[in-house]
Amino acid sequence: MDPVLIDAPAIRALDLRPLEIWSTQPLDALLSQGPVLELRFDWPRAKDDPRELPECPEPRLWALRADARYPWLPLLLERDQGSLIRHVALVIPHSFSRSEGLRFNPDALELWVTHRLMLLDDLCQRELGRPMRGNLSQMAAALGYELDRRFWNLLG
């Protein structure tokens with residue numbers, strides 16, 4: 001599957017049209033494809049700009065809008081090339097160092113993952129009539145988040 005390019009004009013305008021082909025599909029068709037969506041951002045930075053993409057406010061705002069409009073997006077983002085990690089870095093606080101790499105704020109990650117699991121569990125139950133808890137658990141694990149088995153019991 002070809003990567004989806006998010007270019008500077010789309011970022012500046014908070015234009016979600018690059019995701020249109022995904023947003024028009026039924027949820028079950030989306031989820032049946034698995035985590036295959038790769039997002040590539042084309043955001044210009046000066047050569048002497050030391051910031052990583054998730055440290056730039058404009059792409060962060062675009063990602064926040066996409067995250068709010070399409071709560072299922074993290075389930076579709078591929079995990080091997082870093083699209084899921086990049087997306088989460090765009091929407092929650094983190095730090096980055098050349099020696100340690102990306103480090104999420106643990107409280108922010110826990111809140112975002114927990115919220116997303118609850119939201120997506122409800123969405124799948126409502127829209128599909130079935131849970132997708134295996135997929136949801138795999139998404140959380142890809143972010144380094146260990147999910148206590150009792151978590152799903154709390155949600156019923």
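Arg116 touches Asp67, Pro71, Pro74 and Met139, when residues up to four places away in sequence are not counted and contact is taken to mean heavy atoms within 4.5 Å. The model is a predicted one, in which local features need pLDDT of at least 70 and side-chain atom pairs count only at pLDDT 80 or more, whereas totals for chains, interfaces and linings use all residues. Residues are numbered from 1 along each chain as its sequence is written, and side-chain values use heavy atoms, with hydrogens and water left out.

Arg116 lies in helix α7, and it is buried, with a relative accessible area of 4%; here buried means under 20% relative accessible area, exposed over 50%, and partly exposed in between, with a 1.4 Å probe and protein chains only. The protein as a whole contains 9 helices and 4 strands, where helices (H or I, at least four residues) and strands (E, at least two) are DSSP runs numbered from the N terminus. Read from the N terminus on, these elements follow the order β-α-α-α-β-α-α-α-β-β-α-α-α.

Of the 156 residues, 43% count as buried, and among contacts with a separation of 6 or more, 64% are accounted for by residues 24 or more positions apart.

The largest nonpolar core has 49 residues, and those with the most contacts inside it are Leu19, Leu37, Leu39, Trp62 and Trp72. Helix α7 (residues 106–128) contributes the largest share of this core, 9 residues. Such a core is a set of buried Ala, Val, Leu, Ile, Met, Phe, Trp, Tyr and Cys residues joined through side-chain atoms within 4.5 Å. Beyond residues up to four places away in sequence, Trp72 touches Trp22, Ser23, Leu27, Leu30, Leu120 and Leu123.

A further buried position is Pro59, with 0% relative accessibility, which has its place in helix α4 (residues 57–69). Leaving aside neighbours within four places in sequence, Pro59 is in contact with Ile11, Trp43, Leu53 and Leu90. The C-alpha atoms of Pro59 and Ile6 are separated by 9.1 Å, although these residues are 53 residues apart along the chain.
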